[in-house]
Amino acid sequence: MAKADDHAETYAAFHEAVNMTPAKLEAYLETDESQSVGQKTGGGEATGHREGRRIVALLRTKKADLSDDDYAHMAKVFGYVHRHLKQGGPEDKSAVKDSPWRLSLMNWGHDPLKHD
């Protein structure tokens, strides 16, 4: 039962952290802004951009079809988003919209300017 409880907590935390729909995230990943931020290894795709594609796949996977590896990845996403949010972004709040801080978070499925 503990694993089911952990999975339920991870699922809820992931869906709290990821506030973009799969379609919005997928469209964002196609933009120059998305591809302009993040750590690139060897000049290739940035880590956050690659993560965004995995997040889209996770969002489109039925809950019953999620694997232990998927749940581990969801926990990684939740952790990243919360660590990045704690950094707080630019002090000048009018600069947040186009900041690398926000654009990077959006690669991970979280738009800090989205209001529900």
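The protein chain contains 6 helices and 0 strands, where helices (H or I, at least four residues) and strands (E, at least two) are DSSP runs numbered from the N terminus. The model is predicted: local features need pLDDT of at least 70, side-chain atom pairs count only at pLDDT 80 or more, and totals for chains, interfaces and linings use all residues. Residues are numbered from 1 along each chain as its sequence is written, and side-chain values use heavy atoms, with hydrogens and water left out.

Along the sequence, the pattern reads α-α-α-α-α-α. The radius of gyration is 14 Å, close to the 13 Å of the globule rule for 116 residues, so the chain is as compact as a globular protein of that length. This radius is taken over C-alpha atoms, and the rule is 2.2 Å times the number of residues to the power 0.38. The C-alpha atoms fill a box of roughly 45 × 30 × 25 Å along the principal axes. Of the 116 residues, 39% are buried. Buried means under 20% relative accessible area, exposed over 50%, and partly exposed in between (1.4 Å probe, protein chains only). Contacts are heavy atoms within 4.5 Å. Among those between residues at least 6 apart in sequence, 65% join residues at least 24 apart.

Helix α5 (residues 68-87) packs with helix α6 (residues 100-107) at an angle of about 170°, their axes 10 Å apart. The two helices are therefore roughly antiparallel, a term for angles over 145 degrees. Axes are lines fitted to C-alpha atoms, for helices over the stretch in contact, and angles run from 0 to 180 degrees between N-to-C directions. On the α5 side, the contact involves Tyr80, Val81, His84, Leu85 and Gln87; α6 contributes Trp101, Ser104 and Leu105. These residues comprise 5 nonpolar, 3 polar and no charged. Here Ala, Val, Leu, Ile, Met, Phe, Trp, Tyr, Cys and Pro count as nonpolar, Asp, Glu, Lys and Arg as charged, and the others, Gly among them, as polar.

Helix α6 is largely enclosed by the rest of the structure, because 7 of its 8 residues are buried. These are Trp101, Arg102, Leu103, Ser104, Leu105, Met106 and Asn107. They pack against α2 (22-29), α3 (32-36), α4 (47-59) and α5. Just after α6, Gly109 adopts a positive phi of about 90°.

Ala8 belongs to helix α1 (residues 2-17). Ala8 is partly exposed, at 39% relative accessible area. Its C-alpha atom lies 9.9 Å from that of Lys63, 55 residues apart along the chain.

Conventions
Angles under 35 degrees count as roughly parallel, over 145 as roughly antiparallel, 65 to 115 as roughly perpendicular and the rest as oblique.
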